Every structure is written in C-alpha cells, then in structure tokens.
Amino acid sequence: MTNRQTGTLLPHHAWPRDALDGALEALKPMLLETLRELVRIPSENFPPKGNEWACQQYVASMLQTLGLNPDIYDITDVPALVSHPEYWPGRLYAGRPNVNAVSKGSGGGRSLILSGHIDTVPADTPVEWNHSPFGAEVHDGKLFGRGAWDMKAGVAMNLTVLRAFAALGWRLKGDLTLETVVDEEFGGANGTLAGRLRGYRADAAVITECTSLRICPAQRGGRTLHILLQSQQNGILATGQSRGRAVDQLSYVLSKLPEFAERRALRAVDPYFLNSQEPFAVWVTNVSTGRWGWTQPLTIPERCRLEIYWQTMPDETREDIEAEFLTWWNEILGQRPDLFPQRPVIDLPMRWLPGCSIPPNSEVVAEFTRAAGAIGVDAPVQGLDSPSDMYIFQRTFGIPALMWGPSGGNAHQADEYVDIASLYRAFQVLAHFVADWCGVEAV
C-alpha cells in the first residue's frame, strides 16, 4: 500500500492487518446472510441437466453491487471446449451459465483466482432431513441446508472477501478473479475447464471447498463404475433351480470386493494422505434390484445393478487403475463360471477424475500457511480425501492451486451443515492471504 506521508509504496506484506480484521468482524453478519441466501436458492445438479441459473443470477447481482462487471456465459459458447481432451460429453448446459468477474489490480502484484462450484447434489436423500434442505436454518452454531458446506460456504466467503476490500477502500495490486462454475458434482469439471479456456487464468488459485480448515494442495482421484448382473428369467413358479441368480451373483461379488481393496492397499501411500483412514477406499455406493414397494411383482430379481467407487493416489493413471480392476474382475468371474451364465455388463457413467498435487513447499502453499499462522490458525497441510475439479488448474493448465474452507458435516447427505465459527475463521484466513498474495494499495 502507499504511505500517506511519503507517497512511497510499502513492502508487499506491510498493510494494516488490524484494519482488515475490523472490516472482517463487521462483515460477519453479511457473510452469514450471503450464505443463507445462497442455500435458500436451489442449484441442484441432475445429470445431464441442472438448475444453477437462479443462484448464478444472485452471484452476478452481488458482483454488480461491488462495482464489477460479471461475465455470465454459456459454457458451450467457449471456443474449443467440446473438442478439448478433458471435456466430458453428454451434459446439457442450457440455462446453466458460468459467472466470472475480475477486480483489476493496479499493477505489480500477483494474480489470483477464487473459484467455487455453485451446483450441489440433489436434496433428495434416502434418509429424511430434520431441517429443511433449503431453509438455511441456524441451530447450535451450525447452518443447515443443501450445499451449506459443499460448497456455498466457500462461495459466500469469496464474495464477502471482495466486499471487505471494497469497504476499506483498498485496491489490490494483482488482479483478483472470482468465479462460480456449474456442473462440478457427479464427476463434472466442464465448467472449470470452460473458465480456463475463456481466458481466466492467474498466478495461483484457491478453491474454497469444504476442507475443515486444512490447506489442501492435493486431492485423491476417483473412478466410478456400474455393473449390471443378469440371471435367467424363471420367476417364482419355475420348477427348476435357476442358474446364476442375480442376487447370488451380487452376494459373490460383495464377498470378493475386500480382496480388491486389499490389493489396492499394497500400493505406496502418497505423503499427503498418510493421515487418511482409508487411503485406498473402495466403496459400494449403490445397489438396486428394482423399485421398492408393491408397484412391481413379487419375484426373484432378474437384474441387479451395483455401483462401485474407489479412490486413487495423485500419481496413478486411468489406464493403470482400470487395468488393475479388470484383472481382478476377470479373476473372480473365472473362479465361478457357474454363477455367470451371462457376463456382467460394465459401464463407466462419469469421467475418470485424476488425483493431483503440488509440492508442500510451493509458493502458494507456503504463503497460505504463513497467513493462517499469522492470525493463530493452525492449518495442517494435507490432501483432500475426495476428487474435485482442482486437477483442471494443476494438471491441465499448470496453475498452482489449493483448496481451503470451513468445517462442517453430512456433505451429500441429509442435514448437511457448516460450522459457523469455523466459517468465520476460514473467511479471515482467506482475506489475509488474498491481501498478502496480491498486495494492497491504499486508495
């Protein structure tokens, strides 16, 4: 910033921290209300469609009140998107725009992107909610609602950080870009890809995901597949024993799945994930033999669908992890040919999400750690135990990126919530980092 007495430019980190903290304290009610408004506006993703439009309009209006000119664009209008190797086809984007806005710096600072996805998973869950998914109810220091933690809390932080600098009359030296992208859930990354191809790039990026006050420069990868098990159609009045009933096939596959998990666990664990309880998680995420209830006949299931999801380390490739699965799969089918008169059908319903990482001594990681420590937040540097769109920044465009956000719970489940005290701390650290990274000039 500029010394008012001499007119000279002060060193990069020499800006009044107490003034920023005062502005952040005053904006806590605004931060919470912004999050409540975002949660009250549904933005569920229902592949191949989604309903992010209203929420994106709200974000754009907030940016306009801060004097910015938001770029609201259909991502399929971005040249070279659909031909890009990372584009995942089959999604529909009518009425699902990205929003980007740039707060231009005065010059001489480093640029930064604050990124967040505006879409959420559906509010419909197998277990009933105790709190309205779009009520943004506050109880016992928690704000409940679909997307409250994943990741509208982060979007609210990004917007309110911009508001803090505006309230102080500060201008950053480096360009600060805020974006809200569509279609991150269900293996989506097309929105994030479109933002980069439209030209929104920077010296670093912070994705304000739900990290529980951990600095996450790494993420695990993930592969999801669907298996269709099929049996002969003999029905409940058949006189002979049916070979290879679908439920018997299911029982066999489930009994064998721990073997695949054990095989995965023989791999080396990336240092970012040494504290992970299941560094090579292999989960059954859905099983279906038909609709529940009396809408269909009582009979022996003819088909069973099984969804399996497993996570990978940042250095694993799609080719390697799929080959490993198929080798195991062929082995277990070969052990029981009597169970499988029809070979199960395997389908890959969503993109392969690769893991990614940058070194812990990277400039952006070191500076974020210092920013947290300077205000008394002990933020461990660890990997995020799930895939996300961060790999688009790191692997596809070479932009150093990390994830940072508050604590909460029940992401993708009923009664999702964000811890409000944690939200405030994450907000404070983020604002201090932005000021440090971009640099500040007084107005």
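1. Arginine 110 is buried, with a relative accessible area of 17% (buried means under 20% relative accessible area, exposed over 50%, and partly exposed in between, with a 1.4 Å probe and protein chains only). Its side chain meets that of glutamate 363 in a salt bridge, at 2.8 Å from N to O; the term denotes a side-chain nitrogen of Lys or Arg within 4 Å of a carboxyl oxygen of Asp or Glu. Glutamate 363 belongs to helix H8 (residues 363-374) and arginine 110 to the loop between S4 and strand S5 (112-117), so the pair ties together parts that are 253 residues apart in sequence. Glutamate 363, at 48% relative accessibility, is partly exposed. Helices (H or I, at least four residues) and strands (E, at least two) are DSSP runs, numbered from the N terminus.

2. The model is predicted: local features need pLDDT of at least 70 and side-chain atom pairs count only at pLDDT 80 or more, whereas totals for chains, interfaces and linings use all residues. Residues are numbered from 1 along each chain as its sequence is written, and side-chain values use heavy atoms, with hydrogens and water left out.

3. The structure holds 24 salt bridges. One of them joins aspartate 183 to arginine 91, with the closest N and O atoms 2.5 Å apart. The pair links distant parts of the chain, 92 residues apart: aspartate 183 is in the loop between strand S9 (176-181) and helix H5 (190-197), and arginine 91 is in the loop between strand S3 (71-73) and strand S4 (98-103). Aspartate 183 is buried at 0% relative accessible area, and arginine 91 is buried at 9%. A network of salt bridges links Glu52, Arg91, Arg96 and Asp183.

4. A further salt bridge is formed by arginine 263 and glutamate 331, whose closest N and O atoms are 2.9 Å apart. Because arginine 263 lies in helix H6 (residues 246-264) and glutamate 331 in helix H7 (residues 318-335), the pair ties together parts that are 68 residues apart in sequence. Arginine 263 is partly exposed, with a relative accessible area of 29%, and glutamate 331 is partly exposed at 36%.

5. Six antiparallel bridges pair S13 with strand S14 (residues 303-312). Tryptophan 283 stands opposite tyrosine 309 in S14.

6. Valine 287 is found in strand S13 (residues 282-288) and is partly exposed, at 39% relative accessible area. Together with Leu254 and Val284, Val287 forms a nonpolar surface patch of about 200 Å² accessible area. Patches are made of residues with over 30% relative accessible area and no salt bridge; like charges are joined within 9 Å, and nonpolar side chains (Val, Leu, Ile, Met, Phe, Trp, Tyr) within 5 Å. Accessible areas come from the Shrake-Rupley method with a 1.4 Å probe; for residues, only the protein chains shown count as cover.

7. There are zero disulfides in the structure, a disulfide being a pair of cysteine sulfur atoms within 2.5 Å. For cysteine 216, the closest cysteine sulfur is that of cysteine 210 at 9.6 Å, too far for a bond. Cysteine 216 is buried at 0% relative accessibility, and cysteine 438 is buried with a relative accessible area of 0%.

How values were computed:
Two strands pair if DSSP finds at least two bridges between them.
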